[in-house]
Amino acid sequence: MVEEVQKRAKKYQDLANEKWNDIINDFYVCYTNCDLASKVIYDLFERDIFNDAFTYYRNIESGIKVLCELEEYIYFTFDIIWTTGMFGDTGQHVSNGSLRLLKKIPKGYKDIEQLFDMELDEEGEE
């Protein structure tokens, strides 16, 4: 079974390798974390993180780590890092992308819907 999963994962690895440099070289401004996570997964795999794949996140010191299930046992993970640009503008960049083969979601991850709801609440407060 492992060989079959690795074979299916190869197509995702090829897609990610083809497009990853364009994604990590950009500085993203005016994106919520969910919007940016959605953009990354769509740009790489043409998948919607809310409708086509189970997607999770966890907080890290400088941003969030996103974990998206592309197929059973096949996940893509990446970091969204909050940073300040050359001209003092605050934004994000994406890094640490990797394809992972997992039997289950690691501890500490939450459903991306929770983050989406929090971001909606924050937008409503402004």
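A salt bridge is a side-chain nitrogen of Lys or Arg within 4 Å of a carboxyl oxygen of Asp or Glu. Side chains of opposite charge can pair when their charged atoms come close. With that in mind, welcome to this structure, a predicted model in which local features need pLDDT of at least 70, side-chain atom pairs count only at pLDDT 80 or more, and totals for chains, interfaces and linings use all residues. Residues are numbered from 1 along each chain as its sequence is written, and side-chain values use heavy atoms, with hydrogens and water left out.

## Salt bridges

How many salt bridges does a search of the whole structure find? The search finds 5.

| Pair | N to O distance |
|---|---|
| Lys 39 and Asp 43 | 2.8 Å |
| Glu 71 and Arg 8 | 3.1 Å |
| Asp 79 and Lys 65 | 2.6 Å |

Lys 39 and Asp 43 both belong to helix α2, where a spacing of 4 residues separates them by about one helical turn.

Glu 71 forms its salt bridge with Arg 8. Because Glu 71 lies in strand β2 (residues 63-71) and Arg 8 in helix α1 (residues 2-24), this pair ties together parts that are 63 residues apart in sequence. Lys 11 joins in as well: Arg 8, Lys 11 and Glu 71 are linked in a network of salt bridges.

Asp 79 and Lys 65 also meet in a salt bridge. Here strand β3 (residues 74-84) holds Asp 79 and strand β2 holds Lys 65, so the pair ties together parts that are 14 residues apart in sequence.

How much of these residues can be reached from outside? Buried means under 20% relative accessible area, exposed over 50%, and partly exposed in between (1.4 Å probe, protein chains only). Asp 79 and Lys 65 are both buried. Glu 71 is buried at 18%, while Arg 8 is partly exposed at 26%. Lys 39 is partly exposed at 28%, and Asp 43 is partly exposed at 30%.

## Cysteines

How many disulfides (pairs of cysteine sulfur atoms within 2.5 Å) does the search find? It finds 0 in the whole structure. The cysteine sulfur closest to that of Cys 30 belongs to Cys 34, and at 16 Å it is too far for a bond. Cys 68 is in no disulfide either, as the nearest cysteine sulfur, again that of Cys 34, is 12 Å away. Is Cys 30 buried or exposed? Cys 30 is exposed, with 77% relative accessibility, whereas Cys 68 is buried at 0%.

## Charge on the surface

Which residues form a negative surface patch? They are Asp 35, Asp 111, Glu 113, Asp 117, Asp 121, Glu 122 and Glu 123. Patch residues have over 30% relative accessible area and no salt bridge, with like charges joined within 9 Å and nonpolar side chains (Val, Leu, Ile, Met, Phe, Trp, Tyr) within 5 Å. Helix α3 (residues 112-125) gives the largest share of the negative patch, 5 residues. Asp 35 sits in helix α2 (residues 33-45) and is partly exposed at 39%.

## A loop residue

Tyr 28 is found in the loop between α1 and α2. Tyr 28 is buried, with a relative accessible area of 5%. The C-alpha atoms of Tyr 28 and Lys 104 are separated by 31 Å, and the two residues are 76 residues apart along the chain.

Notes: Disulfide = S-S within 2.5 Å. Areas by Shrake-Rupley, 256 points an atom, 1.4 Å probe, with all protein chains shown as cover. Lys, Arg positive; Asp, Glu negative; His and termini not counted. Charge placed at Lys NZ, Arg CZ, Asp CG, Glu CD. Helix = DSSP H or I, 4+ residues; strand = E, 2+ residues; numbered from the N terminus.
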